[in-house]
Number of protein chains: 2
Amino acid sequence: MLKNELFLKACRREGVDQTPVWIMRQAGRYMKEYRELRKKVDFLTLCKTPELALEASMLPVEILKIDAAILFSDILIPVEAMGMDLSFTDSGPVLGNPIQNEEQVESLTVPLVEEKLFFVFDAIRLIQKTLEGRLPLLGFSGAPYTLATYMVEGRTSSNFYKIKKLLFSRPDLVHTLFKKLTETVTRYLQLQIRAGVQAVQLFDTWAGTLSPETYREFALPYTQQIVESLRPEGVPIILYVNGGGGLLELMAGSGVDVVSIDWRVDIKEAKERIGSRVCLQGNLDPCFLYGNPANIRREVKRILEGFGRGNGHIFNLGHGILPDTPVENAIALVEAVHEESRCFH
Amino acid sequence: MLKNELFLKACRREGVDQTPVWIMRQAGRYMKEYRELRKKVDFLTLCKTPELALEASMLPVEILKIDAAILFSDILIPVEAMGMDLSFTDSGPVLGNPIQNEEQVESLTVPLVEEKLFFVFDAIRLIQKTLEGRLPLLGFSGAPYTLATYMVEGRTSSNFYKIKKLLFSRPDLVHTLFKKLTETVTRYLQLQIRAGVQAVQLFDTWAGTLSPETYREFALPYTQQIVESLRPEGVPIILYVNGGGGLLELMAGSGVDVVSIDWRVDIKEAKERIGSRVCLQGNLDPCFLYGNPANIRREVKRILEGFGRGNGHIFNLGHGILPDTPVENAIALVEAVHEESRCFH
């Protein structure tokens with residue numbers, strides 16, 4: 001059906017003739033076209049205006065020649081729908097009235113997602129109409145633990161002490177919170193799929209700050225529930241954890257199709273540990289894109305060689321692309337992956 | 001010679017009757033006695049006044065009943081001696097004129113450590129006199145990569161983009177910087193040992209943000225050089241990396257006696273991977289000390305069971321103890337380790 005099936009085939013660990021590649025946060029500030037778009041509207045308005053989200057989503061498709069389009073949105077969109085006050089500053093998201101007590105958890109609603117987040121589903125339909133089957137479209141959401149970190153810390157934390165203090169002193173409270181988040185995220189992703197995305201990524205970005213045992217208690221069960229509920233929808237599910245090197249087996253055990261890893265674990269080791277069960281996505285350090293194209297190509301080759309022959313590799317960065325990345329280096333990355341990967345297929 | 005030899009025996013993987021324990025940053029703001037001390041002087045003055053450093057170093061010995069005293073100092077002390085402007089604010093260290101170019105690297109001197117840092121060696125002699133052989137005294141320094149992160153970022157970074165941009169765009173420059181740092185750190189630790197510390201810990205705290213390949217290129221060779229130069233001094237060497245789960249084999253390959261791990265890798269897995277070559281130190285998440293003593297004891301047991309029988313385990317946190325930790329929980333931790341570990345020896 002699709003003109004470019006590389007990404008979906010790799011998700012299912014089927015044979016491809018070159019390794020597919022996309023870039024986390026591929027529509028972003030590093031592109032002058034994106035900065036132009038942002039001159040007109042703030043970030044949240046961009047997310048909530050389907051015509052503009054379409055424009056942003058299409059930029060990397062046209063400029064980078066990547067193998068998957070990704071819905072332009074933010075992982076925190078469902079949190080706002082639950083009743084929290086969300087805004088974006090230059091240094092990232094800010095949540096008003098961070099959660100500290102029982103009453104605040106009680107007051108959070110599991111929203112009627114179809115009504116509250118209609119703009120997301122509208123954007124998906126618009127993007128699919130524009131893509132005309134050229135590429136698959138990927139949807140996404142934050143996973144419960146990671147969403148909770150923002151809700152409790154109030155912003156991107158550097159140490160996550162507040163959420164962890166709550167985990168270890170009020171486990172009952174956080175489990176109540178996680179249940180509400182799980183219900184919301186499940187419904188949100190179901191509706192994204194029904195609107196037309198062909199795969200979804202769960203961003204449990206900050207779960208890599210947990211020990212394997214704590215991950216098993218506070219994050220994994222909710223990821224498993226979401227995955228189980230989404231199974232009947234029939235699309236591949238990707239789980240991303242930054243710094244998840246100690247969690248690989250648990251991540252693979254969640255039932256997802258693809259485990260997305262960062263650069264701090266060798267992809268060869270990751271393949272040995274879980275490559276027989278899932279597809280791997282990753283794992284270039286985004287900072288490599290500060291270097292020159294020759295060094296980028298060298299590192300791409302090293303990662304491709306690390307994965308070696310065999311199906312089930314989607315090339316990506318280990319974290320979102322950085323705002324001051326030269327766009328030509330992102331283009332060079334995509335080219336290098338396509339050219340250097342052919343000999344492994 | 002020592003009354004309590006648990007720590008040094010564990011470093012050498014010799015038999016002990018209970019698992020030794022100390023706590024990174026064990027003299028710190030979580031203790032009211034320490035806060036009293038800090039009312040009189042700022043942090044840097046405390047580090048530089050041997051009589052006060054002695055007082056701080058002795059607090060956890062008296063209050064916690066730990067198995068190793070640690071020199072009260074800061075990992076950045078050698079950096080100031082190299083000519084950088086160092087100060088401490090409530091949110092951590094600040095370095096004036098962060099390094100950005102060739103000229104700044106050139107202008108850094110390899111200091112005459114014995115003259116510049118005499119106060120450290122004086123403090124060591126004072127502490128040893130006061131300890132009277134009750135406990136071993138541990139010295140330490142930042143490792144070159146971690147010191148460089150502060151010198152380039154100017155403070156504790158949350159993402160380390162500046163240092164990594166320099167790594168990937170100016171590898172020649174950073175290697176020059178690392179060479180100067182290696183020379184300084186080597187001499188600094190040699191003189192700490194000669195002044196009386198019975199073991200040293202290299203804090204390569206932020207090297208866990210590197211991929212294994214990048215660690216191999218930019219951090220490991222310098223750690224190896226330092227370890228090799230210190231070998232003739234005959235004391236155990238500990239290497240600590242926060243988030244080093246992907247680097248365990250490389251860390252063990254550096255030649256150190258003890259690898260100190262954080263909580264994000266299971267200690268059972270760490271033992272399987274490198275336990276035949278080195279002693280392991282770790283690995284409780286400091287945030288567990290926000291909970292209650294019963295939960296702390298349960299987690300201590302889980303970690304002790306994870307390591308299981310056999311020699312070569314020093315119990316510690318996976319990172320420094322947090323300023324708002326209840327002191328009674330730190331006391332409960334030490335007690336729990338001593339009591340629960342006996343059945344494994």
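**View 1. Helices H11 and H13 of chain B pack side by side in this predicted model.** The axes of helix H11 (residues 171–195) and helix H13 (residues 220–230) of chain B come within 10 Å and cross at roughly 30°; axes are lines fitted to C-alpha atoms, for helices over the stretch in contact, with angles from 0 to 180 degrees between N-to-C directions. H11(B) and H13(B) are therefore roughly parallel (under 35 degrees; over 145 is roughly antiparallel, 65 to 115 roughly perpendicular and the rest oblique). From H11(B), B:Phe178, B:Thr182, B:Val185, B:Thr186, B:Leu189 and B:Gln190 meet B:Tyr222, B:Gln225, B:Ile226, B:Ser229 and B:Leu230 of H13(B), where contact means C-beta atoms, placed from the backbone, within 7 Å. This contact divides into 6 nonpolar, 5 polar and no charged residues (Ala, Val, Leu, Ile, Met, Phe, Trp, Tyr, Cys and Pro count as nonpolar, Asp, Glu, Lys and Arg as charged, and the others, Gly among them, as polar).

Residues are numbered from 1 along each chain as its sequence is written, and chains are lettered from A and ligands numbered from 1 in the order in which they are written. As the model is predicted, local features need pLDDT of at least 70 and side-chain atom pairs count only at pLDDT 80 or more, while totals for chains, interfaces and linings use all residues.

**View 2. Helix H16 of chain A meets helix H17 (residues 327–341) of chain A.** Here the axes come within 9 Å and cross at roughly 40°, which makes H16(A) oblique to H17(A). Look for A:Ile296, A:Val300 and A:Leu304 among the H16(A) residues, and A:Leu333, A:Ala336 and A:Val337 among their H17(A) counterparts. The contact holds 8 nonpolar, 2 polar and 3 charged residues.

**View 3. A parallel, open sheet in chain B.** Follow its 7 strands in the order S1-S4-S5-S6-S7-S8-S9; helices (H or I, at least four residues) and strands (E, at least two) are DSSP runs numbered from the N terminus, and strands pair if DSSP finds at least two bridges between them. Strands S1 (69–70) and S9 (313–317) of chain B are at the edges with a single partner strand each, so one side of each lacks a neighbour in the sheet. S6 (residues 237–240) and S7 (residues 258–260) of chain B pair over 3 bridges, with B:Ile238 opposite B:Val258.

**View 4. Where chain A touches chain B.** Each chain brings its share to the contact: 26 residues from chain A and 26 residues from chain B. On the chain A side, H10(A) gives the largest share, 5 residues.

Key. Two residues are in contact if their C-beta atoms, placed from the backbone, lie within 7 Å.
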